[in-house]
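Colleague: I am new to this structure and would like a close look at a single part, the sheet. Please take me through it strand by strand, and then through what surrounds it.

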Amino acid sequence: MIKVQFYSLIRLLLKQEKFELPASDKENVGQFLQRLQQQISTPFLHKLLDRKGELILGTIIMINRRNIHHLDKLETPVVCGDVIALFPPGAGG
Amino acid sequence: MSATERYSRQILHWGEERQQQLEAATILIAGVGGLGAAVAELLVRAGIGKLYLVDDGIIDWPDLNRQLLYSETDIGLTKLEVAKQKLQQINSNVVVELLPQRIDATFHCPSDVSIIADCLDNYTSRFHLEAGLADESFLIHGGIEGDQGQILTLKKGQSHPLADIFAGAQQPAGDIPVSGPGATIISGYMANELLNIILGKPQLLNRFMIVGLSDLHLDFLDV
């Protein structure tokens, strides 16, 4: 299974803390998130991706505690046992 | 009035030894706004030894809903000068040093500081702050926006850099929504974690605590 954890505004939007899906062969995080959205009744990808499917700024996406900006972004492979975190942080002080 | 009398209620809570550690500690607070003003006041009331305050702001009306050190009569004055005056009215034993500057690429942390509170309001300054710290320094990050806030402790040179962790975060256009109660809640958590660090027992090292301010939930995210 791949576990996805939702934080702050994403959690409020989806009204749930986490979701789990079985891993799929040769899938990257972008493909995984598309598949995840199909399983969840509330659309959320518009918060993460633009119309071309490119990553938009605003939400930190981590796989196993590593920001995907420092991996292969949406092309980062995901495998069984991975933990994905979606976290839009607060910017003010 | 003795120090024992002044701090008697908290010494009942954490003991004389912890109080002495607190009185020997130095902390730098970067940004003396919604988070920083409250963090500074809590540390001064607790009897911190020395505070450095870094800011270049002028007090304005939109600050007054949450920046607890400032009042109507302070409008147009520099935050640092007013903060120092108010803090020393609260506790004249605390040494308050002012660094009136915007945190940019020229920033270097004073050499007698190893615990730094990021109470800033933008990512660019946060990343410059981190870059200006010596290795082994503790950096406590706080952030707030609308119904959410977060606190995170990092140890420079050992933790993932703040700039790496926050890659993909975006500075919102325009003013950031912040309430007084929300800023005070996050400030309270930050001050508590700063006390934990002084004791050598940080609770949020490499771990976000994410606070839902509307539904009052807490989440944790390891980084």
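Modeller: Strand β7 (residues 207–212) of chain B runs antiparallel to β8(B), and six bridges join the two. Strands here are DSSP runs of E with at least two residues, helices are runs of H or I with at least four, and both are numbered from the N terminus. Two strands count as paired if DSSP finds at least two bridges between them. This is a predicted model, in which local features need pLDDT of at least 70 and side-chain atom pairs count only at pLDDT 80 or more, while totals for chains, interfaces and linings use all residues. Residues are numbered from 1 along each chain as its sequence is written, chains are lettered from A and ligands numbered from 1 in the order in which they are written, and side-chain values use heavy atoms, with hydrogens and water left out.

Within this pair, Phe208(B) has Leu221(B) of β8(B) as its bridge partner. Four residues lie between the strands of the hairpin, where Leu216(B) takes a positive phi near 55 degrees. Strand β8(B) covers residues 217–222, and its side chains alternate. His217(B), Asp219(B) and Leu221(B) point to one face and are buried, buried meaning under 20% relative accessible area, against over 50% for exposed and partly exposed in between (1.4 Å probe, protein chains only).

On to the next partner of β7(B): strand β6 (residues 148–155) of chain B pairs with β7(B) in the antiparallel sense over four bridges. There, Gln150(B) has Ile210(B) in β7(B) as its bridge partner.

The whole sheet is open and has eight strands of chain B, in the order β3-β2-β1-β4-β5-β6-β7-β8, with mixed pairing. Its edge strands are β3 (95–99) and β8 of chain B, each of which pairs on one side only. On average, neighbouring strands are turned by 15 degrees against each other, direction ignored. Axes are lines fitted to C-alpha atoms, for helices over the stretch in contact, and angles run from 0 to 180 degrees between N-to-C directions.

Further along the order, β1(B) runs parallel to β2(B), joined by five bridges. Ile27(B) stands opposite Leu51(B) of β2(B). Strand β1(B) is mostly covered, with five of its five residues buried. Thr26(B), Leu28(B) and Ala30(B) point one way from the strand, Ile27(B) and Ile29(B) the other way.

Helix α4 (residues 79–90) of chain B lies across β2 and β3 of chain B, at about 175 degrees to β3(B).

Definitions and conventions. Contact = heavy atoms within 4.5 Å.
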